[in-house]
Amino acid sequence: MPVIDLERLLYLTELRGLPVISPHGERIGRVVEAALAPTEHTRRVARYLVGGRGRTRFSIRHDQVRSISIAGILLADELLVPYHHDESLLLLCKDLLDQQIIDANGRKVVRVTDMTLSIEKAGEREELWALEVDVGVRGAFRRLFEGVAPPPLIRRFQEPIKPNSIPWEYCNLIEPDPLRRLKLRISYDRLNQIHPADLADIVEDLPPAEREALIESLDEEVAAETLTEVEPKIQLDILESLDADKAADILEEMAPDEAADALGEMAEEASQEILDDMERAPAAEIGELLEYEKDTAGGMMNPRGFVALHQNATVRDAIEALRGNEELLESLNTLFLVDEENRLAKAVPLARLFVAPDAAPLAGLALAELLWVPVDADGDRVIELFDKYNVLTLAVVDEEEKLAGVITADDVISVLRGR
Amino acid sequence: MTILRRLRRQIAIFFAVIGPGFITAMVDNDAGGIYTYSQAGARWGYLPLWTLLPIMLVLVVTQEMGARMSAVTGKGLSDLIREEFGFRTTFFVMLALLGVNLANVMANFAGIATSLELFGVPRWVSVPLGAAAVWLLVVKGTYRVVEKIFLLACGFYVAYVAAGILARPDWAEAAFSSVRPRLILDDAYVAMLIGMVGTSVAPWMQFYLQAAVVEKGIDEKQYRESRVEVVVGCVVMTLIAFFIVVACAGAYRHHPRDISSAAEAALALRPFGRWASLLFSAGLFNASLFAACILPLSTAYSVCEGLGFESGVNKRFAEAPVFYWLYTSLIVAGAAVVLIPSFPLVRLILVSQILNGCLLPVILIFMLLLANRRDLLGQWTNSRLYNAVAWTAAAVMISLSLSLAGLSVV
């Protein structure tokens, strides 16, 4: 870690109230607010708002500043313009202090207590750059004594307190207004890298408006995975508040059984509207699933998440089929064999393929006993089968004994946790 | 199928919102509240009953405002104070809340001690056991289970209705007094009125209610159902208060006098049968234990939220150490004080009420300021008429609370 020179740091609590001095050594006023202009630069403080005597607030651009220190800001010129609010400016005190942000590194929602800025050389001039956001007791200590004790004294007494801060690049502001989000260039690129289960915890920690903002700005695929992990009540709230076409886009990315569960909880009209906005294929699939009662095998199953082959197929055929279904490989553990009519015949544990020659018929590798449930089987019966036979994947067949879908152990765990 | 689904949804919404408003209103009748109402009935008979309707109005107005604010913003009161008024303000409000609520926790453990002593259980048994039960319930249970137990505890308040009926009061007189304001220019009478109103809205209630609304995930769409729940809760709370006053008025009808604890009122009900007395003390025990559960939880939660520490019963100890330490310390300190021999318990209850009265004005003003912020609540800000009622109610509450505090100090 680079050694940071304390002389080159300035806390936002110190910047607020810092005297501003004209080139002639005349004191103009004090800093009341600082703003970043994310469209120009992601770190540099672009404007300083100065409050003088009276009520007018002046705006100073970053290139009007000669030098910055804990003693004050020295200006290079005297061109002061009255401040007008601009939506594309990120006001550090108003928009950031005391607000919640997402720490992409620590994967949680935190509240900002203070901010650390670094004094950077820019040719002859000096600029302030956002360095870290403070979220711990140390920042709280500074806030408590801000304006009461002189800054050097506060700096000395805060020494024993353990710092707790987040580097600026890991900070994700949450802005519910989509237009302002655009103006402030807020993107959640870093959040797309976080595991959806962690993202779901973050979503659950946020107030409703912020939740929607976050889900809306994630990649659809990530949003879908995150939404799957969020608890059902919140999942419902989010889906209901999204635009129907946005909700449709996200649901298309979800596993059909999860999407059907989510839609099943919604009011009829709302879920129909979303279904209408979806692509035809997934909509039909989900529509079919919605026909099943939630607590039956049909309601629990995934109609897509399996690979089925003809009962005369060989290991080579199976490998070919798997090559065409890469997206399933992460969780696949059983292959199903069917007859000409798509009726379920046998189940083959995936691992047995590895030890068999390429030309071996799959039927020879199948389990001795074929386990399956009808689509209308009771949820409890399904759970019982999983427990009794220790299966990981269970086939579900329709009235004509055709393979309709599969239930996997994680579906069962979700049902059990939901109880 | 569709109609069935829609109906199921409607019912589900109502049950989804029940909890916060009801629980908050009921816990308002804690050890301190019960003592105040008992004392009023024992000394002044049915006369104080007319204050209950205005009390109900004040309660409905403040609770509704809090619930609305949280349903719309999805944030608790301490979050809102922090975001809108900054760290330093929040810090001092939280410090005050911590102190005031500690006194309240103590008062309720005192209630547990005195009520169980009527059943022959010594306090060195009842208080540690109560404290352990309270601690375990929240630390080992999930909020959903805890809330169900709380709702069950609400049901036990019916003991006061039974005790009130068993005391064979003069119902006609009681009904008449409920709607006929009587002002007597007597120091003790005025102090009693102030106490009645002053105890009805406590600072911690606002924090608890708002946090519970958020925890429950109630939003704008469910707010209508939630409002019904809040109002019903306030009405039921007022009814319980009515029966407490009536029970004591009945018990002391022949020789009205000052009493020094709610337990004394329970003893006075003995002539009306063992049940009347037992029910009254069981009610006191239930109310005290209930409040002793909610107060430390609500306090730890509000303080941590406001100051930015991790909080919540669904977090593990390592994730939210400050929350759990605060919660545990409040219970241990609250219970330990009661065990100090010859500790003035009645005085303690009084002190807790005075402190409530001092902090309440600050909280009410914050709430009113927040409830009028269009950028926060949009179309849900207070209407002008509502504001008029709310500011008047707040002004009355503030002056009464402060005079209660003043009177008690003198």
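**Domains and interface**

Author: The domain assignment divides chain A into domain 1 (1–187), domain 2 (196–291) and domain 3 (308–418); such bounds come from an automatic or database domain assignment. This is a predicted model, in which local features need pLDDT of at least 70 and side-chain atom pairs count only at pLDDT 80 or more, while totals for chains, interfaces and linings use all residues. Residues are numbered from 1 along each chain as its sequence is written, chains are lettered from A and ligands numbered from 1 in the order in which they are written, and side-chain values use heavy atoms, with hydrogens and water left out.

Reader: How far apart are the C-alpha centres of domain 2 and domain 3 of chain A?

Author: Those two centres are separated by 27 Å.

Reader: Now the interface. How many residues of each chain are in contact?

Author: On chain A there are 33 residues in contact with 26 residues of chain B, where contact means heavy atoms within 4.5 Å. Together the two chains bury about 2100 Å², 42% of it on carbon and sulfur atoms. Buried area is the accessible area (1.4 Å probe) that two parts lose on being put together, summed over both.

Reader: How many salt bridges are there between the chains?

Author: The count between chain A and chain B is 5, a salt bridge being a side-chain nitrogen of Lys or Arg within 4 Å of a carboxyl oxygen of Asp or Glu. Lys221(B) pairs in this way with Glu240(A), with 3.7 Å between the closest N and O atoms.

Reader: Which elements of chain A give two or more residues to that side?

Author: They are β11 (108–111), α3 (137–145), α7 (208–217), α9 (232–241), α11 (256–264) and α12 (268–277) of chain A. Helices (H or I, at least four residues) and strands (E, at least two) are DSSP runs, numbered from the N terminus. The largest share, 5 residues, comes from α3(A).

Reader: And what is the division into nonpolar, polar and charged residues there?

Author: The side of chain A that touches chain B has 13 nonpolar, 6 polar and 14 charged residues. Here Ala, Val, Leu, Ile, Met, Phe, Trp, Tyr, Cys and Pro count as nonpolar, Asp, Glu, Lys and Arg as charged, and the others, Gly among them, as polar.

Reader: Let us change topic to chain B. How many residues of helix α2 are buried?

Author: In α2 (residues 20–27) of chain B, 8 of its 8 residues are buried. Buried means under 20% relative accessible area, exposed over 50%, and partly exposed in between (1.4 Å probe, protein chains only). Among the buried residues of α2(B) are Phe22(B), Ile23(B) and Met26(B).

Reader: Is Ser78(B) buried or exposed?

Author: Ser78(B) counts as buried because its relative accessibility is 4%. Ser78(B) lies in helix α5 (residues 77–117) of chain B. Leaving aside neighbours within four places in sequence, its contacts include Phe207(B) and Glu305(B).

Reader: Where is Pro256(B) found, and what does it touch?

Author: Pro256(B) is in the loop between α12 (223–251) and α13 (262–268) of chain B. Not counting residues up to four places away in sequence, Pro256(B) touches Ala42(B) and Arg43(B). Its relative accessibility is 45%, so Pro256(B) counts as partly exposed.

Reader: Back to chain A: what is the phi of Asn390(A)?

Author: Asn390(A) has a positive phi of about 50°, although it is not a glycine. Asn390(A) lies in the loop between α16 (379–389) and β20 (393–397) of chain A, and it is exposed, with a relative accessible area of 65%.
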